[in-house]
Amino acid sequence: MNVLIIEDEKSLSHEIEIFLSNEGYQCDVAFNGKSASEKIYVNNYDFILLDIGLPDMNGLDILREAKEAGSESSFIILTARSGVEDKVAGLDMGADDYLAKPFSLLELQARMQAVMRRKHGLQKNTFMIHEFEVDIQNRSITCNGKNVPLTKKEFDLLNYLILHKNRVLTRMQLTEHIWGDILEDDYESNYIDVHIKNLRKKLSAQTQVDWIETVRGIGYRVNA
Amino acid sequence: MKLQLKFVLYNAFSKAVIILAIGAFLPIIVRQVVYNHIDQRLVARSDKILQIIGLGGLNEIILDQDCSYGSYNIFKEEFLSIEPLNHLDTEIGTIRIEDGERQFENEVLKHRVLSESFLFDNQLYNLEIGEGLSAIEQLNNTIWSFIIWTLIAVVVISVFIDVGFSRLLMRPLYKIINRKLRDTQHPTQFDTTRVNTTTFEFNYLDQNINEMMQKVKDAFLIEKEFINNASHELLTPISVLQNRFENLLAEKNLPDDVADKIVESQKTLRRLSKTVKALLLISKIENSQYLKNEDTDMRLLTHEVLAEIGERVVHKNIYLDEKWDDDFVFHHSNKSLLHTLILNIINNAIKYNKPDGKITIHGFMNAKNNFTLRISDTGVGIEKENLKNIFGRFKRFRPEDGSSFGLGLPIVQTIASFHGIEISVDSEKEKGTEFTAVFPRQ
């Protein structure tokens with residue numbers, strides 16, 4: 001899958017590039033509107049990550065141009081500008097999602113996958129993780145046909161860990177994912193630990209779940 | 001009091017004062033003029049009588065044997081008397097004119113009396129000529145009643161005319177007030193069309209308000225631009241660091257102590273990020289960048305919030321008591337901001353609660369018929385002297401454990417004032433805290 005990262009802050013586009021490349025994406029970068037337009041014209045990208053605060057033009061113009069030219073790329077708007085109108089305008093113009101900076105790269109990847117699923121609805125919505133079958137559409141998890149009753153937050157947590165399998169997710173990253181960032185600095189608290197404990201209890205009632213690993217001092221990892 | 005009413009009252013009052021002053025002085029002046037006339041007439045008559053006496057002798061007039069003479073007309077309006085005197089009180093020829101009462105046939109009447117002494121046949125006589133004053137008093141009374149009725153009529157008529165005229169005169173002012181000041185909620189809605197008036201002051205006011213509004217509007221837009229730029233300049237480096245830490249943490253063969261440090265740095269960065277975002281949120285609300293165009297059912301909203309953080313309630317084994325005496329749909333509100341407001345209050349109630357504590361949510365109409373939402377907890381409470389500071393952005397105070405209350409409550413305060421909600425807090429140390437939100441009437 002190939003991605004164009006349009007971002008004038010070079011160190012930021014660099015970090016995004018490192019992350020997405022490690023996740024198996026083909027990355028291309030543009031630091032300004034002009035070169036972005038050219039690249040969109042020439043290439044066919046699956047994803048375009050678009051910073052709308054570019055030095056030479058408004059990123060929304062790139063989006064409009066591309067849509068008018070019939071581009072089928074999925075657009076995710078990235079912005080550190082705070083204007084509420086930007087978000088509405090971007091989505092109205094046909095952007096697929098919107099992420100406010102600072103965002104977690106894990107969150108970016110989760111959004112990209114969600115966009116892919118939405119766009120290509122035929123892709124299968126279930127996958128296996130060890131002996132468990134996860135259904136993203138219906139938000140359920142079964143083991144040998146037996147449903148494991150999880151709360152909404154527990155499912156979100158597990159799904160996020162599975163999505164980023166083989167990578168340590170910190171308590172803070174998990175907190176941010178399931179609570180958003182409205183809440184006060186509660187990441188010190190042990191809510192996540194309690195959720196994981198409950199999750200393990202529910203899953204291990206079916207079969208062994210040693211694939212959910214506690215990484216000392218940092219967080220959790222799903223090994224697969 | 002309306003300016004128009006003040007004008008009318010002032011006019012009525014000043015007219016009344018002028019008419020009353022005239023009413024007070026006019027009878028005195030009239031009396032003076034009439035007295036002058038009477039006095040002149042009396043003097044002329046006394047001259048004539050003395051002339052008659054000089055020509056024809058006193059016998060022409062005095063027929064009585066006792067040498068005195070008295071005469072009055074049928075209505076006792078005028079009288080003449082000549083009486084001999086035994087001794088002289090005043091010099092001969094001195095004329096005295098004064099008010100006096102004289103009795104005629106058991107009737108005492110007030111007269112203007114001229115008295116003069118004269119010598120005839122070596123006998124002193126006193127001449128008195130009188131003219132009745134009752135006519136003057138009648139005239140005075142007539143003038144008085146005329147003045148009082150005129151006063152009432154003039155004041156009533158002038159009040160009506162003044163009301164009409166001042167309304168016409170003040171119309172441009174009310175236009176300026178209503179159109180430009182009262183109906184305007186946001187600087188970008190300012191109406192700078194000129195109000196049509198020929199009154200210099202209103203023109204001047206209108207022009208100055210327009211200029212002022214333009215300045216406020218410009219300042220607002222500049223502030224908005226500034227917030228946007230500050231947002232970009234502050235959040236971009238935070239973004240770079242956050243993503244770099246994430247990538248670092250994914251490095252293979254990362255020593256444990258380095259991983260720990262990265263996690264610590266992430267936490268620090270998150271704190272910075274949250275503070276910046278909270279300040280930007282407050283600024284954006286104050287800069288009116290949010291719309292108020294939604295209808296928010298406060299009970300449903302509270303349930304949404306509880307569904308979102310209900311697990312925390314369960315986790316801390318807190319008993320949740322919810323009571324809704326009345327429902328309330330908040331028109332012209334911003335649902336997501338109100339969500340943040342309720343979330344922050346309930347989250348505080350959970351965060352500072354004791355394990356196995358209680359949270360009470362009560363929605364009701366207060367005595368003034370304003371919807372009121374009261375959220376109280378049985379938590380650690382806040383010291384009385386700190387209560388006044390909890391909504392302050394800059395006067396921060398710290399709980400004893402050294403942690404921070406953050407900007408949650410300043411955000412609550414900002415969202416509340418954006419919506420015209422009055423937030424108050426009451427707390428007792430170790431007993432609990434109670435937040436009361438009084439919503440504006442629709």
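Mentor: Two residues are in contact, or touch, if their C-beta atoms, placed from the backbone, lie within 7 Å. Not counting residues up to four places away in sequence, A:Val3 touches A:Leu20, A:Tyr25, A:Gln26, A:Cys27, A:Tyr45, A:Asp46, A:Phe47 and A:Leu49. Before we go on, note that this is a predicted model, where local features need pLDDT of at least 70, side-chain atom pairs count only at pLDDT 80 or more, and totals for chains, interfaces and linings use all residues. Residues are numbered from 1 along each chain as its sequence is written, while chains are lettered from A and ligands numbered from 1 in the order in which they are written.

Now to the surroundings of A:Val3. A residue is buried if 20 or more other C-beta atoms lie within 10 Å of its own, exposed if 12 or fewer, and partly exposed in between. A nonpolar core is a set of buried Ala, Val, Leu, Ile, Met, Phe, Trp, Tyr and Cys residues joined through C-beta atoms within 7 Å. The largest such core has 56 residues, and A:Val3, A:Leu4, A:Ile6, A:Ile48, A:Leu49, A:Leu50 and A:Ile76 touch the most other members. Helix H8 of chain A gives this core its largest share, five residues. Apart from it lies another core, of 34 residues, including B:Leu281 and B:Phe439. In soluble globular proteins, nonpolar side chains tend to be buried together.

A:Ile76 leads us to a strand. Helices (H or I, at least four residues) and strands (E, at least two) are DSSP runs, numbered from the N terminus. Strand S4 of chain A covers residues 74-79, and six of its six residues are buried. A:Ser74, A:Ile76 and A:Leu78 point one way from S4(A), and A:Phe75, A:Ile77 and A:Thr79 point the other way.

Next come the partners of S4(A). Two strands pair if DSSP finds at least two bridges between them. S4(A) runs parallel to strand S3 (residues 47-51) of chain A, joined by five bridges, with A:Phe47 opposite A:Ser74. S4(A) also runs parallel to strand S5 (residues 97-100) of chain A, this time over four bridges; here A:Thr79 stands opposite A:Ala100. Together with helix H3 (residues 59-68) of chain A, S3(A) and S4(A) make a right-handed β-α-β unit. Right-handed says that, with the strands pointing away from the viewer, the path from the first strand over the helix to the second runs clockwise.

Finally, let's step back to the whole chain. An automatic or database domain assignment gives chain A domain 1 (2-119) and domain 2 (126-222).
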